[in-house]
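Subject: Structure handover

Hello,

Here is the structure I said I would pass on. Please open it alongside this note and follow the residues as they come up.

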Amino acid sequence: MKKIFNKLAIIILYIGLMWTKTNYVQNKVFHLDLENKTQSFILDLNPLSSILLMLGIGMLFKNWGIFISYFLSTFVLFANVLYYRELNDFITIPVLMQTSNAGDLKGSIASIFEWSDIFYWIDVIAMFIVIMWFKRKKEIVWKSQQASVFVYAAIFVFLLNMGLAEKERPDLLSRTFDRQILVKNIGIYNFHIYDAVVQSKTSAQRAMADSSEITPVYNYIKSKNKDVNENFTSIAEGKNVIVVSMESLQSFVIDRDLNGQAITPFLNKFKKESIYLDNFYHQVGQGRTSDSEFLLENSLYPLDRGAVFFTHGQNTYYALPKVLKEKGYFTSVQHANDSSFWNRDVVYPNFGYDKFYDKDSYDINKENSIGWGLKDKEFFSQSVEHMTKMPQPFYTKLITLTNHYPFVLEDKDKYIDAGNFPSQTLNRYFQTVRYMDEAFKEFIQELKNTGLYDDSIIIAYGDHFGISENHNRSMGMYLGKEINDFESFQLQRTPMFIHIPGYNDNKVVSKVSGQIDIRPTILNLLGIKEPNPITFGQDLLSEERPSFVVERDGSFSTSDVVYKKGVCYDKYTGDKTSENACKAGIEKAKLELTFSNQVIYGDLLRFLTDIPEYKSGVPDVIKKN
């Protein structure tokens with residue numbers, strides 16, 4: 001009887017502590033919106049199946065197996081807490097494969113830890129003491145039959161969980177791109193099991209793909225309105241192209257003050273000297289900056305899991321630099337970071353870049369660096385020196401660093417006072433944005449001094465969000481309104497500037513658009529016909545282009561509605577409206593993301609020349625590949 005009591009004590013302790021801890025995280029740490037009591041019940045229930053499974057597996061390896069399974073469960077949970085705390089997302093297997101980024105992430109990770117994180121591990125210590133006590137007493141022996149009971153119980157609970165989840169959200173595992181919805185319905189541990197299954201499936205997808213799979217994608221894109229604005233066709237033919245990817249810059253700072261001080265005084269002015277898009281959204285996934293590059297270069301959506309630069313960087317692509325190189329352009333990237341970060345040393349040559357000016361191409365020292373590396377002022381200045389030596393015409397992309405989490409500056413570089421909100425991240429963000437604005441001002445002046453300004457298109461845009469939903473309280477205080485899901489979607493807007501030399505009829509374009517539309521816009525300005533029929537973007541300046549943008553998680557916006565986390569909102573009032581109003585957009589968003597995934601996972605661009613209708617007019621840039 002004593003042995004049975006001891007076993008029950010360990011089982012109850014294991015299940016009780018882990019279930020309580022996981023429920024706390026899923027309910028209080030992860031911001032998973034619950035609409036009714038059924039969803040709340042599902043969220044509380046869903047950790048149980050995986051906890052029972054881990055306990056059953058642990059029993060097969062005796063007492064130490066039980067402890068190890070408990071430790072691993074806590075480790076997975078805690079790793080997701082840290083990742084979610086700043087990125088508002090969950091870890092996937094492709095993210096774990098991005099080990100070459102680890103060195104540069106040390107400063108960011110250290111700033112994410114909180115003193116209270118020790119409480120995630122107190123129960124692990126308690127479990128270790130209990131296991132050691134019973135192991136020394138040699139009073140507990142676990143049998144495989146006992147382990148199987150928990151495995152069967154796990155299966156039963158999981159099926160119950162899935163039944164309830166499918167009733168709440170039909171086709172849950174087949175039609176959602178939103179990891180938040182998945183975790184809300186199946187739990188964080190089951191999400192990782194699902195992720196592993198998806199990873200094995202996608203790994204096999206390329207090997208099994210054939211040329212017939214690209215035809216439906218080709219036909220879909222051909223049916224879209226791909227008209228360009230002929231008033232801008234060839235307006236900058238033969239000009240240099242300078243693209244500036246502005247780290248973590250969001251639109252909410254443009255034309256706004258903090259304590260009476262302008263946050264972006266120069267960008268406010270530059271906006272009037274450029275075509276400015278005020279409803280332009282980032283569309284990145286877990287690849288962040290690298291995803292924004294992928295969108296720019298290929299007019300394809302990034303992947304729903306991980307960074308495409310890592311997982312499919314060596315696919316066949318007809319990227320923008322490859323196209324421009326065919327037209328006589330010298331193509332380059334300027335970014336004062338390690339060449340291996342985001343796997344760029346592998347991806348860039350595949351995209352057709354002639355040269356990557358990485359950190360070894362810059363004079364970097366302690367005085368001109370902070371945070372992630374070279375300060376933006378020095379970066380821009382040295383990059384202009386590179387440009388003066390490039391053969392013309394050239395296409396060059398500059399990626400800034402200073403306005404990067406955790407948004408740290410030296411006092412001498414602070415042009416504005418910090419904010420005074422609960423979020424120190426937001427408080428510092430205002431200062432690093434202001435510094436980047438000043439750096440960009442000096443950059444434009446240097447371009448003018450060298451004569452490059454009058455002979456170059458300048459495209460400048462924010463690459464992704466800087467302030468995640470975890471700072472909504474402070475953001476709401478600054479903006480003077482509650483930040484719900486609708487407002488959160490609006491905060492995904494990033495500034496987009498198109499400066500065309502000699503063009504003075506500048507205006508604000510308010511059509512909804514995104515990063516996927518940059519490539520076709522650049523090509524039209526240069527008078528180059530798109531050689532690749534498998535691109536999803538449309539000319540930003542076309543009057544015929546529909547007002548539509550879809551984010552990587554399946555959320556989307558038109559001129560009339562916003563769809564976020566399964567809820568349809570009226571664009572003008574911000575109030576919830578009938579899902580029927582979003583029905584067409586839901587289907588379009590799903591279709592575009594699915595087709596883009598198929599292209600990448602199956603490496604379908606290698607089959608372009610097999611499309612019968614396309615064979616007769618294959619461009620040289622594709623023939624050569």
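Below is what was found, taken by topic.

Please keep in mind that this is a predicted model.

Packing of two helices

Start with helix 13, which covers residues 265-272, and helix 19, which covers residues 424-450. Their axes are 7 Å apart and cross at an angle of about 50°. Helix 13 and helix 19 are therefore oblique to each other. On the helix 13 side the contact is made by Pro-265, Phe-266, Leu-267 and Phe-270. Their partners in helix 19 are Arg-434, Asp-437, Phe-440, Lys-441 and Ile-444. Sorted by class, this contact has 6 nonpolar and 3 charged residues, and no polar ones.

Nonpolar cores

In soluble globular proteins, nonpolar side chains tend to be buried together. In this model the largest nonpolar core has 97 residues. The residues with the most contacts inside that core are Phe-252, Met-387, Phe-440, Phe-443 and Leu-447. Helix 19 supplies the largest share of the core, 10 residues.

Leaving aside residues up to four places away in sequence, Phe-440 touches Val-244, Met-246, Phe-266, Leu-267, Phe-270, Phe-380 and Ala-460.

Tyr-220

Tyr-220 sits in helix 12, residues 214-223. Its relative accessibility is 14%, so Tyr-220 counts as buried, the cut-off being under 20%. Not counting residues up to four places away in sequence, Tyr-220 touches Phe-536, Lys-588, Leu-591, Glu-592 and Phe-595. Between Tyr-220 and Val-253 there are 33 residues of separation in sequence and 37 Å in space, C-alpha to C-alpha.

Backbone details

Two cis peptide bonds can be looked up. One runs from Gln-392 to Pro-393, with omega near 0°. Pro-393 lies in the loop between helix 18 (376-388) and strand 10 (394-399). Another runs from Tyr-405 to Pro-406, with omega near 15°. Pro-406 is in the loop between strand 10 and helix 19.

Positive phi values in residues other than glycine come next. Ser-234 has phi near 65° and is found in the loop between helix 12 and strand 1 (240-246). With 29% relative accessibility, Ser-234 counts as partly exposed. Lys-565 has phi near 50° and belongs to the loop between strand 17 (561-564) and strand 18 (567-570). Is Lys-565 buried or exposed? At 15% relative accessibility, Lys-565 counts as buried.

The disulfide

How many disulfides does the structure hold? It holds 1. The disulfide joins Cys-568 to Cys-582, with 1.9 Å from S to S. The link is right-handed, with 80° about the S-S bond. Cys-568 lies in strand 18 and Cys-582 in the loop between strand 18 and helix 23 (583-601), so the pair ties together parts that are 14 residues apart in sequence. Both Cys-568 and Cys-582 are buried.

Regards

Terms used:
Residues are numbered from 1 along each chain as its sequence is written. This is a predicted model: local features need pLDDT of at least 70, side-chain atom pairs count only at pLDDT 80 or more; totals for chains, interfaces and linings use all residues. Side-chain values use heavy atoms; hydrogens and water are left out. Axes are lines fitted to C-alpha atoms, for helices over the stretch in contact, and angles run from 0 to 180 degrees between N-to-C directions. Helices (H or I, at least four residues) and strands (E, at least two) are DSSP runs, numbered from the N terminus. Angles under 35 degrees count as roughly parallel, over 145 as roughly antiparallel, 65 to 115 as roughly perpendicular and the rest as oblique. Contact means heavy atoms within 4.5 Å. Ala, Val, Leu, Ile, Met, Phe, Trp, Tyr, Cys and Pro count as nonpolar, Asp, Glu, Lys and Arg as charged, and the others, Gly among them, as polar. A nonpolar core is a set of buried Ala, Val, Leu, Ile, Met, Phe, Trp, Tyr and Cys residues joined through side-chain atoms within 4.5 Å. Buried means under 20% relative accessible area, exposed over 50%, partly exposed in between (1.4 Å probe, protein chains only). A disulfide is a pair of cysteine sulfur atoms within 2.5 Å.
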